[in-house]
Amino acid sequence: PNPWEGKILTVANMIMEDIVLENRWRYPVFFTSPPYAESPLGLRARAVQVGVVYRLEREPTSSLIDVDKSDQLFRETYSYAGYQNSKVYRDENATGIFLGMGVASTRVVDELIQMGDRERAIRLTQHILGVYPEYWQAYLQMGELYSASADTAKITPLYKTLFDTLAAFLNGNPQNTYYRQDLGLIGVEIGKRTKDSL
């Protein structure tokens, strides 16, 4: 372990809080990840997700997600160049970086479901499936939406599409252990549903 790691993080957090205090709500402050939980200023409780970043708010929403702006960013603004192409080289690091986009979109879909806005939840999930096809969590989320609307006949074909998609990405990136692990998990899930295996 790095003996300086904790000290560096402490100094970085102090600098971040000094910036917030000096700003006095004059200008928007954004973070690339939620502020640390132990902040004396309680910054995490004021950090509202806006797409893939977090905006510091004086009076945040209870859900800590700007749903409307996030939905618009994911569906109309963000570029997903290369995300769909299984032949673009990806190592585990690249796959991990991509995950940030998927995880953030999943939170927005979950909030839309909580709000009872299933139509927008489905629309955003379908968009993510189209632009970021390797993100297996979106398929599971779509499967849950199908299940909740008693449209269960679509779930197994959806998972088979995911299996084929991950197989294509693994074929293009045979060293990527994420794809191999995810394929195994999805194969088991499909096997449970069809009483068979791929």
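**Close-up views of a predicted model**

**View 1. Aspartate 182 in helix H7.** Aspartate 182 is a residue of helix H7 in this predicted model. Because its relative accessibility is 13%, under the 20% limit, aspartate 182 counts as buried. Beyond its neighbours within four places in sequence, aspartate 182 is in contact with Trp136 and Leu166. With tryptophan 136 there is also a polar contact between side chains, at 3.2 Å. Asparagine 23 lies 159 residues from aspartate 182 along the chain, and the C-alpha atoms of the two are separated by 44 Å.

**View 2. Helices H4 and H5.** Helix H4 covers residues 118–131 and helix H5 residues 136–148; their axes come within 9 Å and cross at roughly 145°. The crossing of H4 with H5 is left-handed. On the H4 side the contact is made by Arg118, Ala121, Ile122, Thr125, Gln126, Ile128 and Leu129. H5 contributes Ala138, Tyr139, Gln141, Met142, Leu145 and Ala148. Sorted by class, the residues of this contact are nine nonpolar, three polar and one charged.

**View 3. The largest nonpolar core.** This core has 34 residues, and those touching the most other members are Phe74, Tyr80, Val108, Leu124, Ile128, Tyr132 and Leu158. At least two core residues come from each of helix H2 (67–77), helix H3 (92–114), H4, H5, helix H6 (155–172) and helix H7 (177–194). The most are given by H6, with seven residues. In soluble globular proteins, nonpolar side chains tend to be buried together. For leucine 158, the residues touched, leaving out those up to four places away in sequence, are Leu129, Tyr139, Met142, Gly143 and Tyr146.

**View 4. Glutamine 49 in strand E2.** Strand E2 spans residues 47–50 and contains glutamine 49. Glutamine 49 has a relative accessibility of 0% and therefore counts as buried. A polar atom of the glutamine 49 side chain lies 2.9 Å from the backbone oxygen of glycine 51. Not counting residues up to four places away in sequence, glutamine 49 touches Tyr54, Leu64, Ile65, Asp66, Ser70, Ala104, Arg107 and Val108.

Technical notes
Residues numbered from 1 in each chain as written. Predicted model: local features only at pLDDT ≥ 70, side-chain atom pairs only at ≥ 80, totals over all residues. Heavy atoms only, no water. Axes fitted to C-alpha atoms, helices over the stretch in contact; angles between N-to-C directions. Helix = DSSP H or I, 4+ residues; strand = E, 2+ residues; numbered from the N terminus. Left-handed = near helix turned anticlockwise from the far one by under 90°. Contact = heavy atoms within 4.5 Å. Nonpolar A, V, L, I, M, F, W, Y, C, P; charged D, E, K, R; others polar. Core = buried A, V, L, I, M, F, W, Y, C linked by side-chain atoms within 4.5 Å. Buried < 20%, exposed > 50% of the residue type's maximum accessible area, 1.4 Å probe, protein only. Polar contact = N/O pair within 3.5 Å; in protein donor to acceptor, adjacent residues only side chain to side chain.
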